Amino acid sequence: MSIEAFYIILTGALVAASSALLGSFLVLRRMAMLGDAISHAVLPGIVIAFLISGHRESLSLLIGAAASGLLATFLIELLHRKARLQEDASIGISFTWLFAIGVLLISAYTGQVDLDQECVLYGEIAYVPLDQISFGGLWTGPRPVLISATLFVLTLAYIIISFKGLKLLSFNEDHAKSLGIRTQVWHFSFMAMVSLVTVLAFEIVGAILIVALLVVPAATAFLWTRSLVPMLILAVVLGIAASAGGYYLALGLNGSIAGAMVSVAGIFLAITVLLKVLVQKKA
C-alpha cells in the first residue's frame, strides 16, 4: 500500500467512525436525515462569513458554517417542540428555508465571485495526501488526517461521557424526564456535535459521503443487533470497511473514491436486507 492510499483510507476510516457513532443515535431517534439537512442549511453561514471576511479562507467559512448548522438545529427544535410540527416536517422546512436564503445571498451579493455550494462544500478525499502541514518543522502530514483524528477523539469522548443521557433520550425520553434528567441539554449537545462533525467532515470528504456515512453503516448495524453497544461497534466496523473497500473499488474502476465508499456501504446494507428476508422466509 502506498503512503497516499494509506492517508486516504485512514481519513475515510476516521470520518466513518465518527459518523457511525453519532449516526447510530440519529437512526435510533428517527432523525437520520439531519446530516443532510445540516449540509444544506450551512450555506447562508458560509456566504455571510465570506461577505464579512472578504475571502475564502477555510477557518472563517467553517465558523460561519458551524453557526448556521447550530441555527438549523435550533429552528428544527423550535418548530417541532413549540409549534408542534412533526420532526420530519421541521427538518424539511428548516433546511430548505436556510438553503434558499444562502442561494439568495449568493445571487444578490457574490455574483462576481466564485463562491457556490460546490466549491465550498464538496470536498475531494482523493486530494487528502496533497494538503500537507507541519508543526515547527518536527512533523509533516496531511491536514485532513489531523482534523479527522481530532474529530474522532472528540466524538468518542463525547459518546463515552454522554452515553447514559443519550441512551435514555434515544429509547425513552419520558422516562428520562421522570428521573430528573435534563433531556434538552443532552439533545442540544448532541445536535451541536452532529453539526460539528458534519461541517468539519464534509470539507474533507464531501457532503454526499458524510451524509451517507452518518446513516448507512448505522442503519445496517441496527438490522443486525438488539442492543446499543454492539450496534455502535458494528456501525464503526462497517464504516471503516466501507472506506477501505471503497478505495480499492474506486482504484479498480478508476472512478470516484467517495462514490465508491458510499456504494460499498450500500452493498453492505443490501446484503443485510437480503439475508434478513431469506431468514424470515425460512422461519
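The following paragraphs walk through the fold of one protein chain, from its overall outline down to a few single residues.

The structure is a predicted model, in which local features need pLDDT of at least 70 and side-chain atom pairs count only at pLDDT 80 or more, while totals for chains, interfaces and linings use all residues. Residues are numbered from 1 along each chain as its sequence is written, and side-chain values use heavy atoms, with hydrogens and water left out.

Twelve helices and two strands make up the secondary structure of the protein chain; helices (H or I, at least four residues) and strands (E, at least two) are DSSP runs, numbered from the N terminus. Read from the N terminus, the elements follow the order α-α-α-α-α-α-β-β-α-α-α-α-α-α. The C-alpha trace spans about 60 × 50 × 40 Å along its principal axes. A compact globule of 283 residues would have a radius of gyration near 19 Å, and the protein chain agrees, with 19 Å; this radius is taken over C-alpha atoms, and the globule rule is 2.2 Å times the number of residues to the power 0.38. Of the 283 residues, 47% are buried, where buried means under 20% relative accessible area, exposed over 50%, and partly exposed in between (1.4 Å probe, protein chains only). Among contacts (heavy atoms within 4.5 Å) between residues at least 6 apart in sequence, 71% join residues at least 24 apart.

The largest nonpolar core holds 70 residues, and L22, L26, L34, F190 and I210 have the most contacts inside it. Such a core is a set of buried Ala, Val, Leu, Ile, Met, Phe, Trp, Tyr and Cys residues joined through side-chain atoms within 4.5 Å. Helix α1 (residues 3-28) supplies the largest share of this core, 14 residues. Another core lies apart from it and has five residues, among them A212, V216, A242 and A265. Leaving aside residues up to four places away in sequence, L34 touches L26, I76, I91, M191 and V194.

Because 22 of its 26 residues are buried, α1 is largely enclosed by the rest of the structure. Just after α1, R30 takes a positive phi of about 60°.

Within α1 sits S18, buried at a relative accessible area of 1%. Not counting residues up to four places away in sequence, S18 touches L151, F152, T155 and V197. S148 belongs to helix α7 (residues 143-171) and is buried too, at 1% relative accessibility. Under the rule that leaves out residues up to four places away, S148 touches T11, L14, V15 and I204.

Two further helices complete the picture. Helix α11 (residues 228-253) contains Y247, which is buried with a relative accessible area of 9%. Beyond its neighbours within four places in sequence, Y247 is in contact with A5, I8, I9, I257 and M261.
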